[in-house]
Amino acid sequence: MNKDIIKNIIMEYEKRKDRAVHEQRVRKQEVYTKIPQIRDIDNEIKQVSIDLSKYIIENPLNYDTMIEKLKQRIERLKREKAILLTENNISFEYLDVNYKCNKCKDSGYLSTGEKCSCFKQSLINKAYDMSNLDKVLQKENFSNFDINIFSEEKIEDEEKTPRENMMNILNISEGFVMNFEKDNSENLLFYGQTGLGKTFMANCIAKSLLDKSHIVIYQTAFKIMDIISSHKFNRNNNSSVEDEYSLLFSADLLIIDDLGTEFTNSFTNTEIFNIVNTRLLEGKKMIISTNLSPKEFADTYTDRTFSRIFSNFVPLKFYGDDLRWET
């Protein structure tokens, strides 16, 4: 995941922890005002703890007896404190720091140095927030993929039936997810007519990677050009505009849907090539879906764009009946 994004999440954890500590101090001051003896007991417990540490340092070979006495003293003070709190209808936990996650105490990391489960979930949540896919992925994922909706009838000029072809695409897509973190320069190009499952399959891949806390950005080609235009003419230096533009290059996976439906000219051709070429050079993976055939693609985009994509992407043709009519 992008280092800046992780840094921002860590900052959120620090703010959360600071807030919890501040709220505890407010509650403690409230109790001290109501029951001044509690303040005296806390101060005494603190002083005994200091004495305990000093005694261990000064008497490294002979401190067992004194330690036991000091520990007993601390326990007596805690009992007095508990009685006072109970008499005033205040729970002992009221004076604790109320962390949102007690496992990591809102640090994001366990004592072993590993990421806490809450931190991992925060990474996943952030990835989903940025993907533009949160709601649609509840339906469009590998768990809901049904190979049986694809026909077993042969289609003219195609070696495999639509079902056999889709099974091959499914295997390649699942392999793409399994090997995503490997430096294998694998990118996928889904092409074919509308309604054949290209976007659905791209979304299946997206969900699997988002659940592993990878940053996946899904955008239509039209929206990408809109983001680029906003970046070019961002005279007010709007940070959200710059963040959207930056993620086209820095996201772990960029999914460009419906490439070829955007208005194409020399400007759009140049920008599409810039995104694709930059990500390829930096080893950042992509999935492109298009309704264009390879010939139509070559007629629409420049030779260098065509060459860069078809020589660095695995082309997967979708064919069969229009699935949008399936019920």
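## A buried ring and its partner

In this predicted model, the aromatic residue F145 is buried, with a relative accessible area of 17%. That value falls under the 20% cut-off, and F145 is therefore counted as buried. F200, in contrast, has a relative accessibility of 24% and counts as partly exposed.

A pair of aromatic rings is described by the distance of the centres and the angle of the planes. For F145 and F200, the ring centres lie 6.2 Å apart and the planes stand at 50°, so the pair is tilted. The two residues belong to distant parts of the chain, 55 residues apart. F145 is found in the loop between α4 and α5 (162–178), whereas F200 is part of helix α6 (residues 198–210).

## Further aromatic pairs

How many aromatic pairs does a search of the whole structure find? The search gives eleven. One of them is formed by Y109 and F119, with 5.3 Å from centre to centre and 40° between the planes, and this pair is tilted. Y109 lies in the loop between α3 (64–87) and α4 (117–131), while F119 lies in helix α4, so the pair ties together parts that are ten residues apart in sequence.

F119 has a relative accessible area of 0% and is buried.

Elsewhere, ring pairs join four residues into a cluster: F297, Y301, F306 and F310.

## Charges over rings

The charged end of R304 is placed over the ring of F273, at 3.9 Å from the ring centre. Likewise, K285 has its charged end over the ring of F176, 5.9 Å from the centre of that ring.

## The crossing of α7 and α9

Helix α7 covers residues 221–232 and helix α9 covers residues 266–281. Their axes come within 11 Å and cross at roughly 95°. Angles of 65 to 115 degrees count as roughly perpendicular, and α7 and α9 are therefore roughly perpendicular to each other.

Which residues make the contact between these helices? On α7 they are I224, M225, I228, S229 and K232. On α9 they are F267, T268, E271, I272 and I275. Sorted by class, the contact of α7 with α9 has six nonpolar residues, two polar residues and two charged residues.

Notes:
Residues are numbered from 1 along each chain as its sequence is written. This is a predicted model: local features need pLDDT of at least 70, side-chain atom pairs count only at pLDDT 80 or more; totals for chains, interfaces and linings use all residues. Side-chain values use heavy atoms; hydrogens and water are left out. Axes are lines fitted to C-alpha atoms, for helices over the stretch in contact, and angles run from 0 to 180 degrees between N-to-C directions. Helices (H or I, at least four residues) and strands (E, at least two) are DSSP runs, numbered from the N terminus. Angles under 35 degrees count as roughly parallel, over 145 as roughly antiparallel, 65 to 115 as roughly perpendicular and the rest as oblique. Contact means heavy atoms within 4.5 Å. Ala, Val, Leu, Ile, Met, Phe, Trp, Tyr, Cys and Pro count as nonpolar, Asp, Glu, Lys and Arg as charged, and the others, Gly among them, as polar. Rings of Phe, Tyr and Trp (its six-membered ring) pair if their centres lie within 6.5 Å; planes under 30 degrees apart count as stacked, over 60 as edge-to-face and the rest as tilted. Buried means under 20% relative accessible area, exposed over 50%, partly exposed in between (1.4 Å probe, protein chains only). A charge sits over a ring if NZ of Lys or CZ of Arg is within 6 Å of the ring centre and within 35 degrees of the ring normal.
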